[in-house]
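Here's a quick walk through some helix packing and a ligand site. Have the structure open and follow along.

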Amino acid sequence: MTTSRYAATAADLAELVADLGLPTYRGRQIHEALWTQRIPLDAATALPADLRRHLDEALPTALDLAVESRSTDDRTVKWLWRAARDGAQIETVLMEYPDRATVCVSSQAGCAMACTFCATGQAGFERHLDRGEIVEQVVRAAHASSRRVSNVVFMGMGEPLANYDEVWAAVERIHGDLGISARQITISTVGVVPGMRRLAAERLPVTLAVSLHAPDDPGRSALVPLNDRYPIREVLRAAREVAGSHGRRVTFEYACIADVNDTDAHADALADLLTPLGPHFTHVNLIPLNPTAGFPTRGSERVRVLDFAARLRTRGIAATVRRNRGTDIDGACGQLRSRVALGRAGTAD
Ligand code: SAH
């Protein structure tokens, strides 16, 4: 199998250059252009044109553009790619802020976790992405970004800890080759406890986010079926292990769903649950549910979400309300793909 462009390591580049009988500095130049400068191959004019042509064939990109959509303010861009390997559909989102740029990447095509409110979960699992496909999402977004990409979040399609080896290999490339600091890389999990334990043992202190969504097991199981296998108590124990070993706060994500998990009683139960972890180790990120075709309930009103956050804060729990970026372009997990499948968005090919 050919190695895709961003699966190739510095050693692979050195070998390729040696096979062509070229001087070794060419390998370093290629690496510098692709990873440090983060420019597309055809813009790497320090390289001779015939070498660029050769590389384009020897190291093909892994993702072909299917759809690009931009928010009206132009600060959020979402791409739907088709994998060159088999046509699997993959989503990536770029969010530009005044002080940073964040790329949200997918770790799988589809997802097996079947969270009831999630568009990706509703569509089912297709396959794991490989490291080259994951890293290329960051690089392709960097090509389009007006500022340097500083943060990467694994909050696109898929459950990253169910594809641990490829995700971790991608994290090491994003950190080591693209130079993004470990703490600016966030892995979001639905609570795959064995993967969380592995994360706690890793050298790189990446940030962990846990999708909690309910403070009690019956309520959480109704939204997140994996809770039957790894109940809240075990997920929190593993989260504490990661926080302790990485010296980082864990973010608990909480999608607010009207009358399902957003009452004062839920806020109090959530505070009771998280207080024992200690204020230095927890942070709750609230987001009003984005509506999806397969889930009949609606997101909480903004004022309810703000009250919920305030109630957590009075209990000493740090809470923020996530800006709901990109809803005009189907910014939520799996939503662009499901719209395309329904035939409501145009494709570029
Ligand atoms: N599988 C991982 C990462 C992907 S989803 C995880 O579950 O953490 C990233 C976040 O978006 C998760 O917190 C997920 O629960 C949330 N999410 C998915 N669909 C959503 C929707 N329709 N509205 C709001 N949040 C959603």
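## Helix 7 against helix 9

Start with who touches whom: from helix 7, V193, M196, R197, L199 and A200 make contact with E234, V235, A238, A239, E241, V242, S245 and H246 of helix 9. Sorted by class, that contact is made of eight nonpolar, two polar and three charged residues. Keep in mind that what you're looking at is a predicted model.

How do the two helices line up? Helix 7 spans residues 193-200 and helix 9 spans residues 232-246, and their axes come within 8 Å, crossing at roughly 15°. Angles under 35 degrees count as roughly parallel, so helix 7 and helix 9 get that label. As for handedness, the crossing of helix 7 with helix 9 is left-handed.

## Helix 5 against helix 6

Next up is the pair formed by helix 5 (residues 131-144) and helix 6 (residues 164-176), whose axes come within 8 Å and cross at roughly 40°. That angle is why helix 5 and helix 6 are oblique to each other. Here helix 5 passes helix 6 in a right-handed crossing.

On the helix 5 side, the residues in contact are R131, I134, V135 and V138; they meet E166, V167, A169, A170, R173 and I174 from helix 6. The class count for this contact comes to seven nonpolar, no polar and three charged residues.

## Helix 1 against helix 2

The crossing of helix 1 and helix 2 is right-handed.

Which residues do the touching? A10, L13 and V17 of helix 1 meet R26, G27, I30 and H31 of helix 2.

## Around the ligand

How many residues surround the ligand? There are 17, and the closest are G158, S188, S211, H213 and N290.

E253 puts a polar side-chain atom 3.1 Å from a ligand oxygen atom. With F117 the backbone is involved: one of its polar backbone atoms is 3.2 Å from a nitrogen atom of the ligand.

Notes
Residues are numbered from 1 along each chain as its sequence is written. This is a predicted model: local features need pLDDT of at least 70, side-chain atom pairs count only at pLDDT 80 or more; totals for chains, interfaces and linings use all residues. Side-chain values use heavy atoms; hydrogens and water are left out. A crossing is left-handed if the near helix is turned anticlockwise from the far one by less than a right angle, and right-handed if clockwise. Helices (H or I, at least four residues) and strands (E, at least two) are DSSP runs, numbered from the N terminus. Contact means heavy atoms within 4.5 Å. A residue is near a molecule or strand if one of its heavy atoms lies within 4 Å of it. A polar contact is a pair of N or O atoms within 3.5 Å; within protein, one must be able to donate a hydrogen and the other to accept it, and residues adjacent in sequence count only if both atoms are side-chain atoms. Axes are lines fitted to C-alpha atoms, for helices over the stretch in contact, and angles run from 0 to 180 degrees between N-to-C directions. Angles under 35 degrees count as roughly parallel, over 145 as roughly antiparallel, 65 to 115 as roughly perpendicular and the rest as oblique. Ala, Val, Leu, Ile, Met, Phe, Trp, Tyr, Cys and Pro count as nonpolar, Asp, Glu, Lys and Arg as charged, and the others, Gly among them, as polar.
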